[in-house]
Amino acid sequence: MLINSLSFFRSHWTVWKIIGVTYKKVKWTQLYIVYSLLSNLIVTVWYPLHLGIMLFRNKNFSDDILNLTTFATCLACSLKTALYAYNFEKVEQMEQLLKLLDLRIKSAPEKAIYSQLRTQLRNILYVVIGIYLPIGVFAEFSFIFKAEPALMYPAWFPFDYVNSTRNFYIAHVYQIMGIGFQILQNYANDCFPAVMLCLISAHIKMLYVRFEQVGEDDAKDAEDQLEACITDHKRLLELFRTIESFMSLPMLIQFAVTGLNICTSIAGLLFFVTEPMSITYFLFYALAIPLQIFPICYYGKDNELWFGKLHYSAFSCNWTAQHRSFKKKLMMFVERSLKKSTAMAGGMLRIHVDTFFSTLKFAYSLFTIIIRMRK
């Protein structure tokens, strides 16, 4: 079996090249920088801005709801993209650590865990595609089947698109291409941390197996095996802390926006939207928004769980037959492994399934406020 964890990031590197953050990895550096600046000014900066100018200035409340949810999502996407681009050198650090951890995968049980990993990562990909594809499709359908000609999203443009058919279609093409660009940004923003946390979880499980095998083979020095496992643990902790710092602020933004968007989209779906395609759009949108953070929260919890189990594996090895120096090193490792490893968003919220459900509760609280205000 070919062991190469970096192969799981090929699609992410393709997307990163398209959205203009990999200027160190391309041949035509100056031309690529020009492309990156133009594309990000036109979409990353201007797209949420052209939506934000029309906030609560539309003809009806359903357009205000659509405008608010899209603006919040696009603004969060742009902010997350900027933060990830600023910390992009950490991606190479993480890849170097993964290469070192891949070299340690040798036994059959470890390879079995690695093969299961492919299925888990495929499921993450299916979830992400299932999130974004229907939203883009039904956003376009809601534009096509509108009773009166109107833009896909209520927005402001520096030209008259109401009285000019040409300008109207220019505005629509910009919106559909812009949302496609932002969907690519969101794919990289949401999928990469989930994939990385899933990989870390798998490597912790493999380290668990490795610890259990320490001292079982008399042909190998048990103390050398232990030291190698402790080194693996250090690398895993470094990898975990690197991905935590990489996604910390973007995840804080995402939690806040998720709570707001679940609330507004359900309110729009129940009270304000009447067109069938718009109803379908809001339905998929309300389902997709929580799924955007669930894989990251799930594997954040899984990392915490498996890091917390490692001291059990240490005592599962053949430690009773070893020398005093071996037992001292083992005890030092156990003491370190008892320290909780929890990923934090902005230093305030745990990246954990508990936070996922807390976000849903926050959305429900906002929704009850809207109901009372409506009454």
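Hi everyone. A word on the ground rules before we look around. The model is predicted, so local features need pLDDT of at least 70 and side-chain atom pairs count only at pLDDT 80 or more, while totals for chains, interfaces and linings use all residues. Residues are numbered from 1 along each chain as its sequence is written, and side-chain values use heavy atoms, with hydrogens and water left out.

Let's begin with the overall layout. The protein has ten helices and two strands; these are DSSP runs numbered from the N terminus, with helices being H or I of at least four residues and strands E of at least two. Along the sequence the pattern reads α-α-α-α-α-α-α-α-α-β-β-α. The C-alpha trace spans about 85 × 55 × 30 Å along its principal axes.

Now to helix packing, starting with α5 and α8. Their axes lie 9 Å apart, at an angle of about 155°. For the axes, lines are fitted to C-alpha atoms, for helices over the stretch in contact, and the angles run from 0 to 180 degrees between N-to-C directions. That angle makes α5 roughly antiparallel to α8; the label covers angles over 145 degrees, with under 35 roughly parallel, 65 to 115 roughly perpendicular and the rest oblique. The crossing of α5 past α8 is left-handed, which is to say that the near helix is turned anticlockwise from the far one by less than a right angle, clockwise being right-handed.

Which residues make the contact of α5 with α8? Contact here is heavy atoms within 4.5 Å. On the α5 side they include Ile124, Val127, Ile131 and Phe138, and on the α8 side Tyr281, Phe284, Ala288 and Leu291 are among them. By class, that contact has 17 nonpolar, five polar and no charged residues. In this scheme Ala, Val, Leu, Ile, Met, Phe, Trp, Tyr, Cys and Pro are nonpolar, Asp, Glu, Lys and Arg are charged, and the others, Gly among them, are polar.

α8 has another partner to show you. With helix α9, residues 324-337, α8 packs at an angle of about 160°, and the axes are 8 Å apart. The two helices are therefore roughly antiparallel, and α8 passes α9 in a left-handed crossing. Phe307, Leu310, His311 and Ala314 of α8 meet Leu330, Phe333, Val334 and Ser337 of α9. Six of these contact residues are nonpolar, two are polar and none is charged.

The search runs on a 1 Å grid over the protein atoms alone: a cavity is a set of points where a 1.4 Å probe fits but cannot get out, a pocket is an open set with protein on both sides within 12 Å along at least five of seven lines, and lining residues have an atom within 4 Å of a point. Grid points are joined across faces, edges and corners, and a volume is the space filled by probe spheres set on the points.

The largest pocket has a volume of about 800 Å³. It is lined by 30 residues, and closest to its centre are Asn60, Asp63, Lys146, Pro149 and Ala150. Helices α3 (61-86), α5 (108-144) and α8 (276-314) are the elements that each give two or more residues to this lining. The lining divides into 18 nonpolar, six polar and six charged residues.

The second largest pocket comes to about 400 Å³. Its lining has 17 residues, with Gly20, Val21, Tyr23, Ala85 and Phe88 nearest the centre. Here α2 (29-52), α3 and α4 (89-102) give two or more residues each, and α2 has the largest share, five residues. By class there are seven nonpolar, six polar and four charged.

How many cavities of 30 Å³ or more does the structure hold? There are four. The largest cavity has a volume of about 170 Å³, and of its 16 lining residues, Thr73, Ile135, Ile179, Ile183 and Asn186 are closest to the centre. At least two lining residues come from each of α3, α5, α6 (165-212) and α8. Eleven of the lining residues are nonpolar, five are polar and none is charged.

Last stop: the second largest cavity, at about 70 Å³. Among its lining residues are Trp16, Val21, Ala85, Phe192 and Phe246. The largest share, four residues, comes from α6. This lining has nine nonpolar, two polar and no charged residues.
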